[in-house]
Structures are given as C-alpha cells and as structure tokens.
Amino acid sequence: MEKAITEHFRLKPVQIQGLNKLGLKTLRDLLYHFPARYERPAPEKLIRELRAGETAAIHGQVIKTKISLAFRKKIPLAEVIIEDATGRIKAVWFHQPYLAKKIHEGEWLRVSGKVSARKEQLYFANPSFQAAAETSIFQNTAAPKSSSLTPVYPETRGLSSVWFEYTLKQTFASGAASELDDPLPEMIRARYHLLALGQALLLIHQPRLEKEALAARKRFAFEEVFFIQLKRLKDKLEYGRGGARRIETTEEILTEFLKRLPFAPTAAQRRAIGQILADLDQDRPMMRLLEGDVGSGKTAVAAAAAYAAARAGLETTFMAPTEILARQHFESFISNFAGDNINIGLITSSECRKFPSKLDPNKHTHISRAQLLKWVKTGEIPIVVGTHSLIQKAVAFKSLALAVIDEQHRFGVKQRAALVKKGGGRAPHLLSLTATPIPRTLALTAYGDLDLTLLDELPPGRKPIITEIVMEEKRNEAYRKIKKELELGRQAFIICPRIDLPDPAKALALYAKSAKQEARRLQEKIFPEWKIGLLHSKLRPKDKEQVMADFQGGAVQILVATSVVEVGVNVPNATVIVIEGAERFGLAQLHQLRGRVWRSHHQAYCFLFTDATSAKIIERLKAIQTAKNGFELAELDLRLRGAGSLAGPKQWGLSDLGMEALQNLKMVEAARAEARAMLTEDPELKKNPIIRERLAATANQPIHFE
Ligand code: ADP
Ligand code: MG
C-alpha cells in the first residue's frame with residue numbers, strides 16, 4: 001500500500017513541492033498526516049449577521065463561481081458568491097482553483113471559517129465547505145447544525161488545511177485506509193484498549209466527538225513510541241552483536257585513581273563510577289548516558305573509566321563539541337593521570353598535542369598530525385581527546401575499548417556511529433555525557449537504547465544562588481543591587497526573550513523586552529557609567545566572538561543577550577543574571593540560564609523579572625527557588641506547560657503527537673515493555689513481518705538526537 005499520492009491525485013507543482021516539504025509521499029504518509037487540533041463547529045449565522053474577525057458558518061446557494069489570477073497574476077484564485085435570505089457573501093480560495101470547479105452555480109453549501117474584511121466588504125478566505133441540503137432562501141433562519149469537529153492540519157504553501165480535509169475524504173472514499181496493515185498486533189491493542197488502524201485513522205481525521213479524536217490519538221501516540229522503542233532496542237542488540245573488549249579493574253586501581261583526584265568524590269560520583277566500572281567489566285558493550293547538571297563533575301567520572309581502560313592496556317577516545325572544551329579535558333586528564341606514565345593525545349582541526357613532552361615530562365607539546373596518528377594506531381597513546389576531528393577516516397586505534405562523548409546532545413547519531421566504528425569490529429563501550437535535564441518519559445524515548453546514570457548531587461561548598469522574583473514595582477531596587485555587585489568588580493548578564501521588537505512604533509509594554517532596545521535603554525538610563533555589550537544569534541560570528549571576548553576580559557561589564565548564552569558561556573566573574581520576561585521561559589531553561597553564574601566562588605544572584613500577575617505563573621517561577629535540580633524542574637515543566645515547553649522538540653525526532661505522549665509515563669513504559677518483550681522473543685522479527693517492514697521503512701529517518 002505504498003501508492004504515491006501523485007498517482008492518485010492530480011496535483012500542481014506548488015502542491016507537489018508542499019508535499020515534499022512535509023515529507024509526504026505515499027497515501028500512507030497522507031493518512032498519517034494528522035490534524036494538529038480540531039475546531040468546534042462554528043456558530044451558524046445568517047449572512048447579514050456576520051461580523052469581521054469572527055468565525056462562523058453560513059448556509060446558502062451558490063449564485064456565481066469564477067476562477068482568476070490574483071497578486072500580479074501569480075496565484076490562482078477561486079471565487080464563489082453565496083446567497084441566503086438575508087444577503088450575499090464572497091468566499092475565496094487561493095491556490096485551489098479546482099475547488100471552484102467542484103462547486104457549481106445553484107448548489108447549496110455550508111461554508112465555515114473566519115470572516116475577513118477588505119474595504120468594508122466581508123468575505124471568507126480559504127473556508128471549509130460541505131454540500132448542504134436545500135433550504136428556501138426565503139426562509140429567514142439559520143441553517144441546520146453540523147455536528148462534526150473540523151480538523152485543522154499543519155499547512156504549507158500550496159496545501160491548506162481545507163485541501164487536506166478534502167483530499168483525505170477522497171482517500172477514505174477510495175478505500176485506501178482499509179488496505180493498510182495494522183502495525184500494532186492485536187494482542188497489544190487489546191491489552192491497552194487501543195483502536196484498530198482503520199477505525200483510528202477515520203476517527204483521527206473525521207471525529208464527531210472529542211473523545212473519539214482522543215481515543216484515536218492515544219492509539220497513534222502509542223504506535224509512535226512503540227516503534228521508536230523497537231528501533232532503539234534493535235540498534236542496541238546490533239551494537240552488542242560483535243561483543244566488546246572487557247576492561248578488568250580491581251579495587252586497587254580504583255583507589256589509586258581516586259587518590260589522584262584533587263577532591264573527594266561526591267556520593268553520586270562514587271555510585272556512577274561503580275556502575276560504569278561494573279559495565280566495562282563485561283564482554284557486552286556498555287551503552288550508558290551520564291546525566292548531571294552543569295558542574296556536577298561528570299568529567300571525573302569519565303576519567304575514572306578512561307583510567308581503568310588505560311591500566312588494562314586498552315584505548316579510550318573522548319570527543320567534545322568544541323576546541324576549548326577538548327583542550328580543557330586534555331589538560332584535566334593530564335593532571336588526573338600525572339605520574340602514571342599514561343600518554344595522552346589531543347586532536348582538533350587546528351592542532352595535535354601529546355603529553356608528556358620529550359623535553360619536559362611535566363608538559364605537553366605540539367606534534368605533527370601524522371606522528372600522533374601513528375602513535376594512536378600502535379596503541380602508544382591510550383587516551384585520545386579531541387573534537388569532531390576524531391571521526392575522520394585517518395584516525396585508527398589499536399584496540400579501542402571505550403568511547404566517551406561529552407555534551408552528547410550537541411552531536412548527531414551519525415557522528416556517534418562514526419566514532420564507535422573505530423572499534424574495528426568490536427564495539428567500544430559507550431559513555432555519553434549530558435547536562436540537559438529532560439523528563440523521564442523523554443529520556444526513555446529519545447535515549448531508549450542507553451542505560452541511565454544520574455549525577456543528582458553537586459560537589460559540596462557551592463553557595464546556592466540567591467534567586468528573586470522581581471515584580472515591575474521592585475525593578476529599580478533590583479538595579480541598585482546589581483550596581484553594588486558591579487562596583488565590587490563583578491559582571492552581569494541580562495537576558496531578554498527576543499532580539500528585536502516586531503514593530504518599534506508599538507507600545508513597549510505590549511511586547512516582551514527585546515535585547516537591542518533594552519541594551520540601549522539600560523546604557524542611557526540605568527547604567528550609563530558601565531559598558532554594555534549585546535549578544536544575539538543574528539550577529540555575525542566575528543562580532544559574537546568580539547563581544548564574548550570583551551565580556552570575558554572585563555572590558556564589557558554587562559552583557560545583554562538572548563538565550564543564546566544558555567550553552568557554553570563560562571565567565572566566572574559574572575555573578576548576576578537578570579532574566580526579563582521570565583514567565584516566557586521553561587523552568588528547565590531558566591535553570592540552565594541561571595547555571596551561567598554558578599561557577600564562581602562569589603555569591604551569585606539571579607533576578608527573574610516578570611510583569612505576570614497570575615498566581616499560577618508566580619507559583620511556577622517559585623519552583624525555581626525550591627527545586628533541587630534541573631530534572632525536577634523538567635518534570636514540573638512538562639506537567640505545567642506541556643511537551644511544548646521542552647527545548648527543541650524536533651531534535652528528538654518526535655512528532656507533535658509523540659510529544660503529547662510524553663505526558664503519559666505509563667504509556668511510554670508500556671510501549672517500552674512491549675517492544676522489549678517482542679524483541680526478546682523474536683529478535684529478528686521473523687514472526688512479525690509487518691513490523692519488520694515498517695521499521696525498515698523508517699530506518700533512514702532521523703529519529704535520534706540530531
Ligand atoms: P560537568 O559535570 O559540568 O562536566 P566538571 O566535570 O567540569 O562538571 O566539574 C566542574 C568543576 O567541579 C571542576 O572544576 C571540577 O574539578 C570540580 N569538581 C568535580 N567533582 C568535584 C568534587 N567531588 N568535589 C569538588 N569539586 C569537584
Ligand atoms: Mg562537562
């Protein structure tokens with residue numbers, strides 16, 4: 001049933017482009033293009049009663065149809081004039097002249113949509129319509145009620161929601177939906193009371209009642225999560241197939257490593273190290289995600305694993321997303337392993353280094369790429385730190401046993417796959433590090449193939465950040481506190497929700513503060529004696545670097561920025577962060593932003609500015625003051641604001657429906673358990689050919705943290 005949409009419907013080039021853009025090729029794809037939401041039936045009105053801006057339905061007879069070209073004759077336009085007992089109104093459809101061909105003079109229609117106005121003339125633009133029963137146009141009452149909900153589809157140029165509604169009706173009429181095999185086995189459907197495919201498709205596209213749409217959406221959410229789980233778990237089986245190099249460790253080696261750390265590990269670090277060393281001592285490869293807040297000490301945990309590998313005579317590679325980070329890790333490994341005669345290498349696109357230097361055994365030194373690669377290949381350099389440069393073909397290991405990926409959310413699946421291939425037939429143990437707090441349901445789904453270790457404890461001695469929620473009338477008081485910090489020589493971040501105002505002429509109060517305008521206002525009115533820098537995503541890379549360097553060096557004391565500073569910016573002298581329009585940010589995101597001033601040994605402050613007065617919003621912001629960590633906040637966000645609050649939903653490869661499913665831990669766990677049970681019993685999916693085919697068909701789609 002993989003019939004192409006283009007075989008079935010006559011389409012214009014702009015529509016074919018639209019389908020491509022939405023990734024819809026087959027009738028199956030079309031049937032799986034679900035409405036984003038549903039609209040209740042619009043109130044029935046007489047034409048005379050219509051007002052501009054309202055959404056309404058009318059019922060009348062077509063008295064004229066016309067097809068023309070609008071907007072410099074570029075866009076085909078279908079126009080229809082409809083009449084009831086009280087008046088006439090025009091309905092227009094852009095890009096869909098065929099609609100007018102379907103509508104004939106004299107026919108009766110029910111038209112519903114938003115009423116627009118142009119030069120005092122009311123009209124409907126792209127309304128939905130249905131054939132309707134005739135009523136006397138002299139009958140001066142509103143039309144009979146339509147009871148069904150109207151689906152609203154994700155649109156793109158050339159393909160309106162109405163087009164989808166109309167085309168899907170045709171698709172159902174052709175019987176295409178009933179030809180599809182149901183990818184969910186009946187047993188599973190029965191266990192969780194899920195609708196069968198045919199019925200679910202009909203009800204998700206054409207529900208009469210909200211509860212019908214909900215039942216259908218539940219089925220497809222389960223299906224999506226189930227298939228993601230299958231894919232992850234199958235990948236995992238495959239990953240382990242060739243076996244791994246076992247890294248044996250002793251209690252003694254662990255003790256030696258811990259002695260080398262300049263601090264006592266936290267209980268969480270100890271637990272994590274124990275878990276990881278136990279995993280490494282298996283001939284199945286480990287696949288583990290180490291999640292911990294910024295500053296929780298993930299590097300030391302990874303270093304323990306690298307140390308164990310080196311002592312066992314095996315190699316470790318450690319990949320970081322930026323040169324600065326790679327260099328930082330390289331140096332911290334050197335200080336961790338000093339005195340152990342362990343050679344350490346660094347590979348980035350701009351340089352290669354080796355520790356120890358021949359001339360000075362306490363230092364590292366530049367060496368040629370060729371030389372470094374040679375030593376890596378012969379196993380003489382057992383720990384190799386680097387950037388993306390590590391995954392180049394030229395890099396080969398003797399016996400790679402462990403791959404560590406730092407800030408793994410910054411890498412794609414392909415990069416991860418390329419790195420682990422360096423094991424030469426035997427998969428290295430994989431340890432991924434991340435600081436992005438995500439709720440458990442998302443972790444189970446997006447990282448279904450990874451076992452999870454949490455570092456849910458910060459090293460002792462960090463002073464908690466003083467966090468205040470500041471209402472408009474206390475703004476100046478907060479500025480006075482900030483000035484005090486600046487006078488002590490500290491620096492401040494000021495985060496605004498947007499770069500620019502959509503229309504500077506409009507009242508400032510109407511919109512969230514914009515970084516550009518706020519930087520100007522602060523410079524002129526509030527902090528004239530300090531230097532203010534501006535950072536946002538639309539600056540040229542060179543200007544970004546300059547302003548960051550100025551802030552880092554202290555030439556700029558206040559950095560006004562959008563949330564671009566969320567990742568990677570590290571200025572220990574900054575002790576204040578102000579977040580404008582705090583209610584617009586997710587809690588987990590506020591927490592990440594606040595983490596920017598957590599690196600200092602000075603007391604740090606976070607001011608959450610808000611003009612929201614709703615008790616609910618204030619309650620939500622207060623959670624920032626009490627929550628123990630980012631995970632708690634991520635869960636809270638998901639509960640209070642829904643899946644939309646999660647950072648960059650698309651990067652997880654989930655559809656909107658899949659994101660909705662994340663609200664439901666039970667469902668995610670059930671889908672995971674079913675996927676696991678199926679693969680345990682039937683690892684090759686021989687008994688489930690429909691599922692095997694579906695999996696193969698989606699195999700090339702990026703459903704991983706890209
Ligand atoms: P992240 O988890 O963000 O990668 P790092 O590993 O970079 O954190 O550690 C942050 C800082 O905390 C480093 O300076 C590190 O030396 C220090 N640190 C890590 N663990 C401890 C600990 N148990 N006690 C004290 N300081 C620690
Ligand atoms: Mg780190």
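**Notebook: two open sheets**

I started with strand β10 (residues 315-319), which runs parallel to β15 and is joined to it by 5 bridges. For the record, this is a predicted model, where local features need pLDDT of at least 70, side-chain atom pairs count only at pLDDT 80 or more, and totals for chains, interfaces and linings use all residues. Residues are numbered from 1 along each chain as its sequence is written, chains are lettered from A and ligands numbered from 1 in written order, and side-chain values use heavy atoms, with hydrogens and water left out.

My labels are DSSP runs numbered from the N terminus: helices are H or I of at least four residues, strands E of at least two. I call two strands paired if DSSP finds at least two bridges between them.

**Around β15**

I looked up the partner of Thr-317 and found Ala-403 in β15. β15 also pairs with strand β16 (residues 429-434), again in the parallel sense, over 4 bridges. There I found Leu-402 opposite His-429 of β16. I then followed the chain from β15 through helix α15 (residues 413-420) to β16, a right-handed β-α-β crossover; that is, with the strands pointing away from the viewer, the path from the first strand over the helix to the second runs clockwise.

Is β15 enclosed or open? I get 6 of the 6 residues of β15 (residues 400-405) buried, so the strand is largely enclosed by the rest of the structure. Buried here means under 20% relative accessible area (1.4 Å probe, protein chains only).

**The sheet as a whole**

I read the order as β13-β12-β11-β14-β10-β15-β16-β9-β17, an open sheet of 9 strands with mixed pairing. β13 (365-366) and β17 (451-455) are the edges; each has a single partner strand, so one side of each lacks a neighbour in the sheet. I checked β9 (residues 287-292) too: 5 bridges join it in parallel to β17, with Glu-291 opposite Leu-454.

β19 (residues 491-495) and β22 (residues 574-579) run parallel, joined by 5 bridges, and I noted Phe-493 opposite Ile-577.

Technical notes: Buried means under 20% relative accessible area, exposed over 50%, partly exposed in between (1.4 Å probe, protein chains only).
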